[in-house]
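User: I would like to learn how to read the local features of a protein model, one at a time, with the criteria stated as we go. Could you take me through them, starting with a single side-chain contact?

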Amino acid sequence: MKIVFFGLLIVFSSSCTLFTGKDKVPPTTWCVLLDMSGVREEVQTRQIYADNFNKLFSKIAPNDVLVVGLITESSVNEAEFIVNHHFTEFKASSDNAMIESAEKSNFDATFKIEKAQIASKVSEFILQSNRIAKSTDIISAIHVADNILKKYNNPSKFLILLSDMEQYSADYRFPVENLNDDRNKQIIELEKQKPRGLPDLTEVKVYVAGAKSKDSDRFFRIKNFWLTYFDACHASLMKEDYGATMIEL
């Protein structure tokens with residue numbers, strides 16, 4: 001554990017962008033959903049999830065919010081979070097340049113440690129937790145993410161799904177569904193008619209990292225569903241941002 005922590009500390013110390021009180025950047029909410037289904041039984045899959053998480057984590061800045069939630073068989077009824085953290089914002093206590101500089105140096109050192117501790121906690125959970133969910137209710141988990149993103153209401157909002165994206169719940173079982181344009185529209189209409197409706201993800205940028213299926217046909221059918229679904233939710237999910245790994249954030 002110490003090796004993981006100090007290794008991450010070195011990485012973030014060298015790559016972390018430092019911000020001054022005069023160069024404030026609008027805060028971002030990063031909502032990450034981690035698939036806890038049987039797909040995690042493969043060590044390679046866990047490593048892919050961890051690698052993708054670290055890519056986005058390097059972008060986190062002071063005053064950002066990070067929430068890491070679990071995709072399980074009961075994502076809405078029993079929402080679970082590994083992390084729900086609001087990172088510290090730098091605020092100088094004086095306009096004196098020397099005092100502000102000294103305070104900023106202390107803040108930067110503390111912020112690096114704060115990031116390394118959070119990164120270590122999440123990476124350790126992804127790689128080492130043996131918990132496996134009985135099924136995968138991704139749609140319900142997206143509603144949980146919607147609540148988180150609205151709660152903090154930051155100008156910049158990201159939703160990252162570390163998942164194979166194979167919804168497997170009482171309502172929909174993508175591995176055996178004949179997903180096509182008509183079925184996709186039908187599912188979305190069914191969701192609209194439910195009391196929860198569709199989540200409103202306006203201005204939310206979505207990334208999918210970890211998507212996979214047993215064959216390419218099923219992969220693209222499921223991909224097309226999620227592109228249609230997020231479009232109906234007014235979110236931004238580009239075709240190139242849906243795949244096995246995160247190309248660019």
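Analyst: A polar contact is a pair of N or O atoms within 3.5 Å; within protein, one must be able to donate a hydrogen and the other to accept it, and residues adjacent in sequence count only if both atoms are side-chain atoms. Here the side chains of Arg-183 and Glu-177 make such a polar contact, at 2.9 Å. This is a predicted model, in which local features need pLDDT of at least 70 and side-chain atom pairs count only at pLDDT 80 or more, whereas totals for chains, interfaces and linings use all residues. Residues are numbered from 1 along each chain as its sequence is written, and side-chain values use heavy atoms, with hydrogens and water left out.

User: Is Arg-183 buried or exposed, and which residues is Arg-183 in contact with beyond its sequence neighbours?

Analyst: Buried means under 20% relative accessible area, exposed over 50%, and partly exposed in between, with a 1.4 Å probe and protein chains only. Arg-183 has a relative accessible area of 17%, so Arg-183 counts as buried. Contact means heavy atoms within 4.5 Å, and, leaving aside neighbours within four places in sequence, Arg-183 is in contact with Tyr-172, Glu-177, Asn-178 and Leu-190.

User: In which helix is Arg-183 found, and how does one check the span of that helix?

Analyst: Helices (H or I, at least four residues) and strands (E, at least two) are DSSP runs, numbered from the N terminus, and Arg-183 is found in helix α5, residues 181-193. The expected span of a helix is 1.5 Å times one less than its number of residues; the 13 residues of α5 should therefore span 18 Å, and the end C-alpha atoms are 19 Å apart, which agrees. At the start of α5, a side-chain oxygen of Asn-180 reaches to within 3.1 Å of the backbone nitrogen of Asp-182.

User: Which residues of α5 are buried, and what do they pack against?

Analyst: The buried residues of α5 are Arg-183, Asn-184, Ile-187, Ile-188 and Glu-191. They cover an arc of only 135 degrees around the axis, taken from the directions from the helix axis to the C-beta atoms, which puts them on the same side of α5. These buried residues pack against α4 (138-152) and α6, while the face turned away from the buried side carries the exposed residues Asp-181, Asp-182, Lys-185 and Gln-193.

User: What can be said about α6 in the same terms, including its length and its buried residues?

Analyst: α6 has 17 residues and reaches 24 Å from its first C-alpha to its last, close to the 24 Å expected at 1.5 Å a residue. Among the buried residues of α6 are Arg-218, Phe-219, Ile-222, Trp-226 and Tyr-229, and the buried residues of this helix pack against α4, β4 (156-162), α5, β5 (204-209) and β6 (242-243). A side-chain oxygen of Asp-215 reaches to within 3.2 Å of the backbone nitrogen of Asp-217 at the start of α6.

User: How many aromatic pairs are there in the whole structure, and how is one of them described?

Analyst: A pair of aromatic rings is described by the distance of the centres and the angle of the planes. Rings of Phe, Tyr and Trp (its six-membered ring) pair if their centres lie within 6.5 Å; planes under 30 degrees apart count as stacked, over 60 as edge-to-face and the rest as tilted. A search of the whole structure finds 16 aromatic pairs. The rings of Trp-226 and Tyr-229 have centres 5.4 Å apart and planes at 85 degrees, so this pair is edge-to-face. Both residues lie in helix α6 (residues 216-232), three residues apart, about one turn of the helix. Trp-226 is buried at a relative accessible area of 0%, and Tyr-229 also counts as buried, at 0%. Elsewhere, ring pairs link Phe-53, Phe-57, Phe-87, Phe-90, Phe-107 and Phe-111 into a cluster.

User: What is the phi of Asn-153, and where is Asn-153 placed?

Analyst: Most residues other than glycine have a negative phi, and most peptide bonds are trans. Asn-153, although not a glycine, has a positive phi of about 50 degrees; its place is in the loop between α4 and β4, and Asn-153 is exposed, with a relative accessible area of 53%. Glu-203 has a positive phi of about 70 degrees, and is not a glycine either; the place of Glu-203 is in the loop between α5 and β5, and Glu-203 counts as exposed at 61% relative accessibility.
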